[in-house]
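Open the model in your viewer and keep the sequence panel at hand. The tour below goes stop by stop, with something to select at each one.

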Amino acid sequence: MAGGAASGGSSAADTYAGARNWLLMPSWVVLIVFVLAPVCMMLIYSFLTKEFRGGVIWEFSLKAYDQFFCDRGLFGDEPCAIEWTYITIFWRSIWQAGAATILSLIIGFPTAYFIATRPERTRAMWVFLITIPYWVNLLIRTVSMKFLLRDQGPLNDFLISIGLIDSPLHIINTNLAVQLGLFYSYLPFMVLPIYASVERYNFALSEAAADLYATKWTTLRRILLPAVKPGVIAGCILVFVPSLGAFLAPDLLGGAKNFMIGSLIEEQFKGNAGNWPFGAAASMILLTMVLIILLIFARQQRKAEATS
Amino acid sequence: MKLLTQSAMALALMANTAAAEGDLVVYHWFEYMPQELLDKFTAETGINVTMDTYDSNEAMLASLKAGGMGTYDVAVPGDYMVAIMAGEGLLDTIADGELANKGNIAPEWADPSFDPGRTHSIPYQWGSTAFSVDTEAYSGDINTTDILFNPPAELSGKINMLDSQGEVMALASLHMGIPQCSSDREQLKALNEMLVNAKAHWASFNSDTAKEVLVSGDVAVGMIYDGFGAKARAEKASLQYAFPTQGYVVWMDNVVLLKDAPNRDNALKFMDFLLQPENIAAVSNYARYGAGVSGVGDFLDPELATLPEANPPATAGQGAFIEVCDEATQAVYDQIWTNVKK
């Protein structure tokens, strides 16, 4: 049945060759209306003049970018010095997202390997189990996390009751809580692509390596990892990029004490500042950064494919 | 099949005419309107009510300015936001005689500074913003803003602030005894420094969970609205709402008639409905805030009259509304807020 569908697929492509452009239309419309147009709007807004209390005046201005890079003091009348505020906020977000990615990789890789090495019949069930928590809304899961982690919460109660600690671990409203939240939110995005790669891996290669006296560690490093690298990179991107703009975990678990990129941008549109051009400029800078990171990854991958 | 299509079209047409005659779209705060009251309004008038919610005055303003006008009939901005929205031309004028129950507005709220003569708005609820303290964690005097901005050692690191620039700045200005819209550079620098230093003592900025973090014991002090403070105390008896001697923030939320309201007549009916003592008392009983309407006394939960959160002690300072600053002044306050949260 599955084989029949697959062979039918290839001939169908020929059948509809003449209509290809028309069939692609819906995707193009969606991409243009929902991706390209909003990004262009943001780009334009970032170069407009801010209207007091939200909104824009249609006059060209570089003020939003000036605000991002130039520190002009509390009263805005000093000469331009390097503005560290927003660089610090961006760096904090990058660092948090990076830590969450590494944490996801450390837990996600063995998990994916475990699933991929189960008998074929049970693999679907393991994948299914991974996705179950994601049937619940992210907000609810993040709030639940807050309940679990708090000083008088079940986690601390449990650790105290088994005598591992005397006083509660203070996790809530710390950076660690944010990383745990991000890690928990995006873990399946790490597990699933790696699982897909490991599943296709030919385990005979590992056996061959063992026959040639490679240690387990060497086999992992020299044979398995290079083979599943595309999955690892895809997983890292899928965790890192959404973590970078996340604001639920930082607000609810981190206590919103320090701006993250996501909350900084939100504040410009929904908060007291009402500075739409600056929010747009910060979004454009974030977008540029993510693009650069993706390009670097893509280049690495192409290099890896060329050498292998 | 044809029959099915036809009847579906007929139904759709009927639904449309019904909507044109009896709809009302309300833009309201979250958790602020008892569903039974909306049901009662629908039962009395046959008007269907749709309600969207927001979680801050500024978020409401942003979404109205970003294309929300013409969608909603009424919104419920706080005092200073009424003045801002009127200044931005987002509010429709209620002509004399359009509201049958306008005379029910309590005299002290009939001509407020944020909407002289009540030409755009009617009172919804009013209350104060200060903070609650867990008296089990701290036994000293709580009626001082020092608790937030210069806390004793045992409260340091156990304080939740509202994630709301306007309210934090207003309370901070009262703490320092300076005007809310100061243009004095020395005062502003001192305010900036005071807030940045005070932040070291704060555990978190949470508005949505302001009550919950107090009840759960995550923090021992939390900035909070008086009604939320009363609800928190109901769940944890050791919580006490403070009325600082330096003063506290007073606010009033108001139902406003939005410009380009698609159902203007129904909006006025809704406002008249909320000016009836029995109805607005139901909101007060639910939200635990004061109503700005005369004659609500008979309908109020008796407990509300003696609520410690609604009855400031003699030592309490003056209540102050949040003030609306001009653009240049506001820019400095925005910068201070960024410095606090960076």
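Buried means under 20% relative accessible area. Keep that cut-off in mind; several stops use it. Note too that this is a predicted model.

**Stop 1: all of chain B**

Chain B has 13 helices and 10 strands. Its radius of gyration is 22 Å, close to the 20 Å that the globule rule gives for 342 residues, so chain B is as compact as a globular protein of that length. Among the 342 residues, 55% count as buried. Of the contacts in chain B with a separation of 6 or more, 77% join residues 24 or more positions apart.

Now switch to a surface. Chain B exposes about 14000 Å². Carbon and sulfur atoms supply 53% of that area. Colour by charge next.

**Stop 2: helix α4 of chain B**

Select residues 79–87 of chain B, which form helix α4. Which residues of α4(B) are buried? They are Asp79(B), Tyr80(B), Met81(B), Val82(B), Ile84(B) and Met85(B). Show what covers them: the cover includes α3 (57–68), β4 and β9 (248–257) of chain B. Then step past the end of the helix. Gly89(B) follows α4(B), and its phi is positive, near 75 degrees.

**Stop 3: Asp79(B)**

Zoom in on Asp79(B), in helix α4. Is Asp79(B) buried or exposed? Its relative accessible area is 2%, so Asp79(B) is buried, under the 20% cut-off. Show its contacts beyond four places in sequence. They are Phe114(B), Val250(B), Trp251(B), Met252(B), Asn254(B), Phe321(B) and Ile322(B). Pick Trp251(B) from that list and draw a distance. The C-alpha atoms of Asp79(B) and Trp251(B) are separated by 6.1 Å, yet the two residues are 172 apart along the chain.

**Stop 4: aromatic rings**

Trp251(B) forms one aromatic cluster with Tyr32(B), Tyr124(B), Tyr225(B), Phe228(B) and Tyr289(B). Across all chains, a search of the whole structure finds 33 aromatic pairs. One of them is Trp109(B) with Trp126(B), a tilted pair at 5.4 Å centre to centre and 45 degrees between the planes. The pair links distant parts of the chain, 17 residues apart. Trp109(B) sits in the loop between α4 and β4 (121–134), and Trp126(B) sits in strand β4 itself. Compare their cover. Trp109(B) is buried at 10% relative accessible area, whereas Trp126(B) counts as partly exposed at 31%.

**Stop 5**

Move to chain A. Most residues other than glycine have a negative phi.

Select Arg53(A), in the loop between β1 (48–50) and β2 (56–60) of chain A. Its phi is positive, near 65 degrees. Arg53(A) counts as buried, at 15% relative accessibility.

Finish on Asn173(A). Look in the loop between α7 (154–161) and α8 (175–200) of chain A. Asn173(A) is not a glycine, but it has a positive phi of about 65 degrees. Asn173(A) is buried too, with a relative accessible area of 13%.

Notes
Residues are numbered from 1 along each chain as its sequence is written. Chains are lettered from A and ligands numbered from 1 in the order in which they are written. This is a predicted model: local features need pLDDT of at least 70, side-chain atom pairs count only at pLDDT 80 or more; totals for chains, interfaces and linings use all residues. Side-chain values use heavy atoms; hydrogens and water are left out. Helices (H or I, at least four residues) and strands (E, at least two) are DSSP runs, numbered from the N terminus. Buried means under 20% relative accessible area, exposed over 50%, partly exposed in between (1.4 Å probe, protein chains only). Contact means heavy atoms within 4.5 Å. The radius of gyration is taken over C-alpha atoms; the globule rule is 2.2 Å times the number of residues to the power 0.38. Accessible areas come from the Shrake-Rupley method with a 1.4 Å probe; for residues, only the protein chains shown count as cover. Rings of Phe, Tyr and Trp (its six-membered ring) pair if their centres lie within 6.5 Å; planes under 30 degrees apart count as stacked, over 60 as edge-to-face and the rest as tilted.
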